[in-house]
Every structure is written in structure tokens, then in C-alpha cells.
Amino acid sequence: HAFISLFLLILPLSVTDAYFNITETKLITFYILASAYLIAQLFVFSIYFATNGKAFLKSLDFNLNFLDVAFILLGVAYIVSGIFSPYSASDVVFGIGSRYQGILTVFLYIILYFVLTRTFSFSPWCLFWAGIGFSIVSLVAVLNGFSVDPLGFYMDLSAINKSRYLSTIGNVNFYSAYYNIIFPILIVGFCKAIDKKSLISFGSFVLIGSVGMLFTASESFLLGFLFAMVLLLLFFMDDVKALKRFIGACLLFIATITGYVNLFKLTVFKDVLNFSPSDLMKIIAEPVISFSIIILLTFILIISVKKPDLLPILKRIFTIIFVITVLGGVILVLLLNTVFKNIDIGTFEEYLKFSPEWGTNRGQNWIFCVNEFIKAPLKFKIFGYGPETYRHLTADTGFYATKSLDQVHNEYLHYLITTGVFGLFSYLSIIFVTLRNSLKNIRNNAVAVSVLCGLVAYWIQAFVNIAQPFTTPIMFVLIAVLSKLCVLEKHNAK
């Protein structure tokens, strides 16, 4: 409990030299917290072993499940990839010169997973301290968004970088990833609060978060967040009280988004606000869209009050519509990039049609990555060029004339090129098994559902984002927490 609470509180707030070493600061903070926890746990194990001996060993869970195997495979993939890598050991082991996701960091994720899944039992205090850290980060972000610099971090930044960095997180994309993984958990805490103190605490977190999310300035955040919100809507249809609170939170989000978009249109605020609303926020703020969402939420609210017995039917209808919409969206994007690629779709062209310029030149980066993978010898196709070595590929091939790029800006393609098919398969196995275990075992556990929604939101935004020593450790730790909750639910069911 102490580790999870301190981890979710301290890691987001850790800063030493403003944004100039923010990545290294987050990494060192994670190493210190994880190492202290593991040493303390080893000390506790030693005491139990000294006093109980064989009885203590028998109480430990040495059985391996599918998720355990997937984590072991990921560790093997990193080691083998490092052995075959043509690049330096410092890159492969420590991730120096990149985002420090080398063998050392990944093995710390794996060790934490195994220790947490064998020892962790849930406490609501973990969520409370996560909310405190989240609120402080959000409040600083709001001040930064209105050109107020309470920590003095912007003093030595160029004008363009002031719209790229904020709060105690750093890069705005990392801030978005943090919001994606933590905010859904706090929303569930508010909706399922069972006493006045919890309701006030988590209600405050949600209120602050509804303003802080305006400065994510990222389409990836809203895509992941909206997906998580739909999942939570379906989940809360089994609980009328929680559903009412959830609808209230959603109406609050629409109000803050619409208000911010319209505020930004005013000349007097344009010069004050550091972060412009994302295009997806502007779409949500359109009167037709925002009123349609409000009408839909109001309809659900009326049904929950007047005819709650219809909610199960409504839930099934919404689930079918949601699945059809997601599948239809995927098919539409595929068709627009193949059969109908010559059709002009106006303002949606830059979002739905892939090109080298897509996603602030992410398309160019992805095309280069895929081409390099296709050209790679069989050995590198299977095991990759080594963890955190992508910058060498871009430098060696002259991808950029004057610089190298250390990330693909797509976590899945990054796994593919750096750790090969073996590494990507291992990582996707972790995601797949986590999803399968969750859907089987946690339908009635609100905390587990909230963690799952946060993870799903993270995995969605990972299509256009990167792994780094801030939100990636949180993601792996929450996988361990969710796995443990699944096991507890399974035992309770039996």
C-alpha cells in the first residue's frame, strides 16, 4: 500500500531542474521508489522465512499463469534482442540517449509485476493519494495554461516550447498519457463513493481534472478518454446511483470543453492561453454535437430515474451500437486509404487518410520504420535491432539530414523494430491476457474496471505516443494491480 500510494503521488510531482532533465528525474524517482519497495519486501520475506521457514515458502504462489508467462517472454525478448544488437551495450541495457526503456528498466517492471501480484491487496487509500498527486499536477497545468508560471519552469524556455511543456510532467504528450491512465480511475472513485468524505474527495479530483484536461492539446488523449468513458457508461448501467453521478461528470466535461473552446475564440484570451484546444475538442464544442450528447445523456438519466428496469436492455443496445461503431470506423479508415483514397473528404482528410505528414509527420516516421523492418535481415526481424536503438537506425540511414530520432512515436511499431516480432508478440500477449482475464473476472469490481479503462485508454494513445519513464512504469504497475484484483475476484466467485 505504501509503495503504490507513494508511487502514484511522488512520481508525477518529481522535478529537479525544471524541464531540462525531466525524463532523467522521473527515471531516477521510479528507480528509487521501486528499489526501496523491493528491498523492504525482501526484508519482510527474510523475517518470515527466519521465523516460519518451510511454512512460509509453501504460502508463496510459485504457480505461473498465462500473464506470468507473457512477462517472462518479454524479459527473454529483451535479453535476446540485446545480445544480437549491433549497437552499444549502454543503449541496450540502460537506454542511454533515448527514453531509458532498456533491459534494466524493463526488468524492473517485470520484477515489480511478480512481487506485486504475489503480495498486493487493495486499499482505497492508493486511489486517494493518486488523486492528490493528480490534482496538484492539474492545478499547476491550469495555471500554466493561463500563462501563470508558479514554479518558474518557463523562465528559460523558448516561446514555442512553452506550448509543449507544462506542469510537473514535461512534454504535453506525456501529460496526456498520464491523464488517460489516471483520470478514469478517479472518475470511478467519485461515481462509486460510499461515504460523504470519499464523495467530496473524489468529486474534487474530478472537478479539477475536468479543467486540467483542457490543456492536453492532444487528439490521442480524447480518443483514449472517450473510449474509456463509453466503457464506463456501459458498466454504470448496472448501478443507478453511480450512473447518475457519471452522467453529471460527463455534463461537466462537455461544459468545460465548450467553455474553453469559446473562450479561446476571444481575442483577449488568445494572447493569455498557452494551449489551443485540440481539433477534437472543437468538434465536441460544436452546438450540434454538444447538444446531441447532452440530449442522449439526459435521456439515459430519465430512463434511470423513471424506468430503471429498462437499463439492461438499453445497455445491450448501446453495446451493440458501440461495437458496430468501432468496427465501422476501422473499416471506413481502411477503405479511405485503399479503395476510396482519391475521394476528397474535406477537413477530415488530414485525420482519416494516412500520409507522410499525418500526425505531425508521424506518418513519415512510421513509413521509415516499416520499410526498415521489411529490409532487415531475418535475425533482426525476429529479435529487433536492440532495445532503445531506434535513433541509431535514423542516424545511420540519414533519415533526418541533421539529426536522429529516438522514437517511432508508435509504441507497437517501436517494439517491432527494436525487439522484433518476438518482443512485439510478448508485449501484445501481456495486453491480450490482461484484457481476457479482466473481462472474465471483474465485471462487478468497480476499482478493477476503472484500472482496466485507464489501461485501455493508455493502450489506445500508445498508437501515436511513446514509452518513457513516467507513464510507462505506471502502466506496468497497474497491470500488476489489475491482475491481483482479477485473482481475488476469481477466488471470491468460487
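Q: Between which two strands does the loop holding serine 167 lie?
A: The coordinates are those of a predicted model, in which local features need pLDDT of at least 70 and side-chain atom pairs count only at pLDDT 80 or more, while totals for chains, interfaces and linings use all residues. Residues are numbered from 1 along each chain as its sequence is written, and side-chain values use heavy atoms, with hydrogens and water left out. Helices (H or I, at least four residues) and strands (E, at least two) are DSSP runs numbered from the N terminus, and on that basis the loop of serine 167 lies between strand E1 (165-166) and strand E2 (170-171).

Q: How do the axes of H7 and H8 lie to each other, and at what angle do they cross?
A: Helix H7 (residues 124-145) and helix H8 (residues 172-191) have axes that come within 10 Å; such axes are lines fitted to C-alpha atoms, for helices over the stretch in contact, and angles run from 0 to 180 degrees between N-to-C directions. Angles under 35 degrees count as roughly parallel, over 145 as roughly antiparallel, 65 to 115 as roughly perpendicular and the rest as oblique, and H7 and H8 are therefore oblique to each other. The angle at which they cross is roughly 135°.

Q: How many nonpolar residues does the contact of H7 with H8 have?
A: From H7, residues including Leu127, Phe134 and Val137 meet residues of H8, among them Tyr175, Ile182 and Leu186. Ala, Val, Leu, Ile, Met, Phe, Trp, Tyr, Cys and Pro count as nonpolar, Asp, Glu, Lys and Arg as charged, and the others, Gly among them, as polar. By these classes the contact has no charged residues, three polar residues and, as nonpolar residues, 12.

Q: What is the angle between the ring planes of phenylalanine 3 and tyrosine 37?
A: A search of the whole structure finds 45 aromatic pairs, a pair being rings of Phe, Tyr and Trp (its six-membered ring) with centres within 6.5 Å, where planes under 30 degrees apart count as stacked, over 60 as edge-to-face and the rest as tilted. Phenylalanine 3 in helix H1 (residues 2-13) and tyrosine 37 in helix H2, 34 residues apart, form one that links distant parts of the chain. This pair is stacked, with the rings 4.5 Å centre to centre and an angle between the planes of 20°.

Q: What is the relative accessible area of phenylalanine 463?
A: The rings of tyrosine 412 and phenylalanine 463 have their centres 4.7 Å apart and their planes at 45°, so the pair is tilted. Tyrosine 412 is buried, with a relative accessible area of 10%, whereas phenylalanine 463 is partly exposed, with a relative accessible area of 45%.

Q: How far apart are the C-alpha atoms of threonine 29 and phenylalanine 470?
A: Threonine 29 has its place in helix H2 (residues 22-52) and counts as buried at 12% relative accessibility. Although threonine 29 and phenylalanine 470 are 441 residues apart along the chain, their C-alpha atoms are separated by 9.3 Å.

Methods: Buried < 20%, exposed > 50% of the residue type's maximum accessible area, 1.4 Å probe, protein only. Contact = heavy atoms within 4.5 Å.
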